[in-house]
Every structure is written in structure tokens, then in C-alpha cells.
Amino acid sequence: MCHIAHPPGNCENKGLQRPSPRRCPISNWLGVFTDYRPVFNRSIMPAMETQDTSGETASLNDLRGVLVLGPDGKQLAANGIALQPELARSIETAWQDARRRQRRLFTVDGPDNRPIVVVVLPSPDATVLVAMERDSRDALIEFVGAVDFAGDILAHFLTNPFEALSVVDRDAIVRYMSPVHERFFGLRPGGGVGRHTTEVIENSRLHEVVKSGKAEIGLLHEMRGITRVVSRNPIRNSRGELVGAIGQIMFKGPEQLQTLSNEVSKLKSEVAYYRRELDDLRNRSYGLDQMVGESLAMQRLKQQIVKVAPLDVPVLLTGESGTGKELAAHAIHKLSPRRDDTMVMVNAAALPATLVESELFGYEAGSFTGAERKGRKGKIEQADRGSLFFDEVGDMPAEVQVKLLRVLQDGTFQRVGGNELHRSNFRLISASNRNFEAMIAEGSFRLDLFYRIGGVTIRLPALRERLEDIPLLVDLALKQFADRHGQRAKKLSADAISFLQGQRWPGNVRQLIHTVERAAIFSESDVIESNDFGTIDLEPGQILPAPTAEHADSAPIPLGVGPQEHTRVSSAVEQVEEQMIRQAMAKFNGNKKRVAVELGISRSYLYKRLAQIGFGAESET
């Protein structure tokens, strides 16, 4: 029997005199829409199959309605709020527009301008328009009506091993169990339905969730000797009444959860480590602590650094190679007001002549072949609000000196390939072992640039000027060497200290450290003696020999070098460095990175010295 209001002539059953041989169009429609039958059985048919005037039904009819249109667009039946002619016309009009737009969910204005949501359920025989006031919207109807593949989505949730459901009602009776769960428990299809959850699911707690109404998330569940991580959630209807509960597997086992937890803990640990490292770099007094020495020369140097560091003036550090100019630059920066920002380092001697400008000033996108697409900031721009350490500034090409002079005058510069002026506020710290007076005299260095970079000039003492610091330097070198290699630190005997203090040390602290480390490697005991410095098979001029009685009080001469070759200290320095570099290059098969680490020098300085001694050219020939 059909209980929907029909327009005249649209249903032959309406008189209820006798059954008609022709089926009602609504019955035809219901036969077609089997996919939506559960939805209609629960939400629509109760309103369509009764004319009960009870308060609950009347309230339902007030909130919902169904409008059925035939293939020609004419109204076949109506129910609930769709019985209102004006609203029905609005729904029909809006439907025509929605059909052109291929929309299956739209909104119309109801009585008192209350919004009415309409879900379209089409079929070949009829189109059903389910109307609901916004406050009474049925999410399931909207979902099924708006998504063509709604059934496939529901099937996914019901069959996916990680989302499959076990459903119980308010009495903890199993109403549905996903096939994957049935297979796990060895049940036939539907074999658990109608039974209490404790009879079907081992160690089940769904009955407790139904009883308490409280969810249980991420708990371990032992089933058939296998541990799973599960969730159990109570289900309530639109009136807030508890109607059942569902159980789902979150992880196949606690091992997966533990692995995830371990990964998160590892990431947290790494972040904490890098934060500590960053704080340490920002806050520690780098430089002064590393500048070991208590001699008068070192005390005077540290006093000068402490006085000049807070002043925002350019500083020029001079001194022989290996005296620690880089450490002094770090100390000045860390004791200055710019300590919280970056100190950018530039080695002028290591910059290729063709890339000096792009490295210093940066370049715009597409400035030259191989340039980065977005352009690149230069060292000067990177040092904004911080410090710029210009090592080997005396080796700067003349054409770059002019451009650097302009930057120092007003703080402005142009990127390569660009016309826009950029500004950088940095503090310049320069270093060089060159003789600026001679370079200025011969015209290789601009006098006006020298005045700009040398606002304050600090000279670092050579090691031969502070021989009393050798014991402290040796202890530090041996400790650092032992820490790097996981060994116990060795000591130097008193005779070995006296031997080291009797040398000229043309390579300064760098040469001392290299010499001590080599002795530590080949010494057979924990105490390094003076003769350990001569136990290595050496080429002429690399390491100075142990003193003998006849010349213990005189300065030793490198092996194989005659007295006539010692008229200049600089010549001795070059000879010692050359021999050290050659042997290290042979030892490490030309690996310049390892050579630089072994000798305790920067790679840029190594490249410079290799070019000077023609090592690359010799290798090629």
C-alpha cells in the first residue's frame, strides 16, 4: 500500500478499492534503488509509510520531506515538508539548475528563510529529492547522495585490515564483523553475528565500552597469541543515546607503535642536540679560550683583543703564518656586540680570479652560465649585522680592491649582473702575513684601502717570541690528538720540552702541533723524549733534529741545508712548509682535504702553497 500523497491520476492505488495491475511508480523506484535501500529504510520510509499524527512523527515530517519527480520532471509524489507547494516549486526549480551543473547536493530557502538541504537520488524511473532542514541534516543521506562511489568507500572501511570494524549493539551482541576479522578468528561468513562479543572476540572489551560509554584508544589486545593495538569507540545516535560500539585495529602489533615512538624520540633527541650546539656556539667565548699562552706577548695580545672587540671599528691582524690569526678573529667577534649574528669567513687567496666578484657580492639570476636560477647572496651580504673575516686580504686582486673600498665607504654594493644597490652593515676583520708597506710601495695594494681595513692593527707574536708557552701548547695538542683518536694522551719529558724550546719554529704554532703529533704517533712509550723527534725517516728540512752536545745551545739547522741558506727566516719557512706538504701529499695520494687536516692548515692555504711550489704542474707532467 502506498502512503505518499500523489497528484491526481498519478497512482492507481490511491482509492484503495482494489489492487491495480499496474505497480505504483514509487514501488518501481524502490526496486531500482537497491543500493540506497538501507538509507531509506532508516531515514525516509518511516516518514513515507505512516500518516501517524504523533508528536515524534509530526516533528520528523516537519523537518524532512521527499519529493519524487518523474522522467519528464513532473511531480509524482511528495511527503513531509515537500507537501508545501511553494517549497516544492523552489526545490523543482533549484533541481533544474543543479542537474545542468551535475550537482547532487544543493540548498533552497524554506519557510521563514530557513535553509533546506536537498540530496538528489536519481534513477531511470524517477528522481528522489530528499529535503532536510539544516538542523536535521542526515550525514549518511548526504554522503550517499553526493558521492557516486559512496558504496566503494564504505566497502574500503569495512574490508581494510587497518580500518575494518567489529560492530556490537547496546546489548554487546555482534551485529557485523568485517571479513578480515572473521578470517582471523576462523569464523564462517556471518558466523559471529547474533552472538555476544565475549563469545566471538577473545579478550573483548566492547561490552565494557557499551556499558561505560567511554572510548578506549591505543590499548593492547591479546588475540590468539598475537598482540594488537586497538581502539574501541561508543556510538551514539542523533539524540545522544548509546546504540552500540565499534572496535578497530590501529597497529598490527606494539612493535610498529614502538618503532614509530623510537623514530619520534630519535628526532626529538637530534633537535635537542642541535639546539644545544647552537646555544653553545652563540654563547661560548670562542677564541680567547683557544688562544693558549701565559707569556707577556700573549697577555698583551689578549688585552688588545678585549679592548678593541666592543668597538665597531675594522681590525687588521698581522703576523706570520701559523700564529693563530683566525682564532683572534673569532675572539674579537665573540666579544663584540655582533656576537649573536654570523661571522662570515672569506679567504682571498683561495678565491678563483674569475669568481671573486660573484663570491663577494653575489649575483642575480641568469647572470652567467651555471648561475643558480634564483641568484645568490655574496659573502658581504651574508655578513649583514655580523662580522666579515677577510683572511689573506693582501692577496686580493687589484680590481676587487676598488669595489671593496666602495663597500667599506658607504656599505653599498651591486650584485653581478644587477643594477640594484644593496646595503650590508658588517664589521670587517682582516688578516694577512704580507708586508703591506712593500705592497703599497710597489702599487699592488691600495693605500686608501689599507687605511680602511687597518683602523686598528694587531700583530700576533711568532712562536719564537713566546717560547715559554710551548709546554701549554704541547699539552693541548697532545690532548686534542688523543681525543680525536680515542687514545690516552701522552706527555713530553723535560728534555723534550727543552729541545722544542730551542728551535726557531718558522712555521709557528701550526708547525709545533704537527711536529708533536708526529712524535706522538711514533713514540713507543707514553712519555715522548727528545730523540723521538728524530726517529722518523725524514726528508731534508722537514723536522729539526735532536740537539747534540756540541751545538745544544745554538739554533739547530734543518737537515741537508747549509748555513748559507739560513740568511732569511722566510726562506726557511717556505722550505719547511714545502717539504711537509710534499710528504703529506705523497702519504695521502694527493687527497688535499686529508693533507690539510694532517698539517693543521686550511685547504685554501694548501691550494695557495701547492700553486706556489708548482705541485700540480709537476703531477701533470
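Mentor: Let's take the terms one by one and set each value against its cut-off.

Mentor: First the ground rules: this is a predicted model, where local features need pLDDT of at least 70, side-chain atom pairs count only at pLDDT 80 or more, and totals for chains, interfaces and linings use all residues. Residues are numbered from 1 along each chain as its sequence is written, and side-chain values use heavy atoms, with hydrogens and water left out.

Trainee: How many helices and strands does the protein chain have, and what makes something a helix or a strand?

Mentor: The count is 24 helices and 19 strands. Both are DSSP runs numbered from the N terminus: helices are H or I with at least four residues, strands are E with at least two.

Trainee: Why is Asn 508 called buried?

Mentor: Buried means under 20% relative accessible area, exposed is over 50%, and partly exposed is in between (1.4 Å probe, protein chains only). Asn 508 has 0%, so it is buried. This residue is found in helix H20 (residues 508-522). For the protein chain, buried residues make up 42% of the 621 residues.

Trainee: What makes the pair Asn 508 and Glu 320 a polar contact?

Mentor: The rule asks for a pair of N or O atoms within 3.5 Å; within protein, one must be able to donate a hydrogen and the other to accept it, and residues adjacent in sequence count only if both atoms are side-chain atoms. The side chains of Asn 508 and Glu 320 are joined at 3.1 Å, so the pair meets the 3.5 Å limit.

Trainee: Which other residues is Asn 508 in contact with?

Mentor: Contact means heavy atoms within 4.5 Å. Leaving aside neighbours within four places in sequence, the partners of Asn 508 include Ser 321, Gly 322, Thr 323, Ala 462 and Leu 463.

Trainee: How do you know that Val 308 counts as buried?

Mentor: Its relative accessibility is 5%, so Val 308 counts as buried. You'll find Val 308 in helix H11 (residues 296-308). Not counting residues up to four places away in sequence, Val 308 touches Val 313, Val 315, Arg 427, Val 456 and Ile 458. The C-alpha atoms of Val 308 and Ile 332 are separated by 7.5 Å, though the two are 24 residues apart along the chain.

Trainee: Why are H22 and H23 called roughly perpendicular?

Mentor: Angles of 65 to 115 degrees count as roughly perpendicular, under 35 as roughly parallel, over 145 as roughly antiparallel, and the rest as oblique. The axes of helix H22 (residues 592-599) and helix H23 (residues 603-613) cross at roughly 105° and come within 9 Å, so the two helices are roughly perpendicular. At that contact, Lys 592, Lys 593, Val 595 and Ala 596 in H22 meet Arg 603, Leu 606, Tyr 607 and Leu 610 in H23.

Trainee: What makes E6 and E7 a pair of strands?

Mentor: Two strands pair if DSSP finds at least two bridges between them. Three bridges join strand E6 (residues 166-169) to strand E7 (residues 174-177), so they pair, and they run antiparallel. Val 168 stands opposite Val 174 in E7. The two strands form a hairpin with four residues between them, and Ala 172 in the turn has a positive phi of about 65°.

Trainee: And why are E2 and E3 called edge strands?

Mentor: In the open sheet of five strands, the order is E2-E1-E5-E4-E3. Strand E2 (75-80) and strand E3 (105-109) each pair on one side only.

How values were computed:
Axes fitted to C-alpha atoms, helices over the stretch in contact; angles between N-to-C directions.
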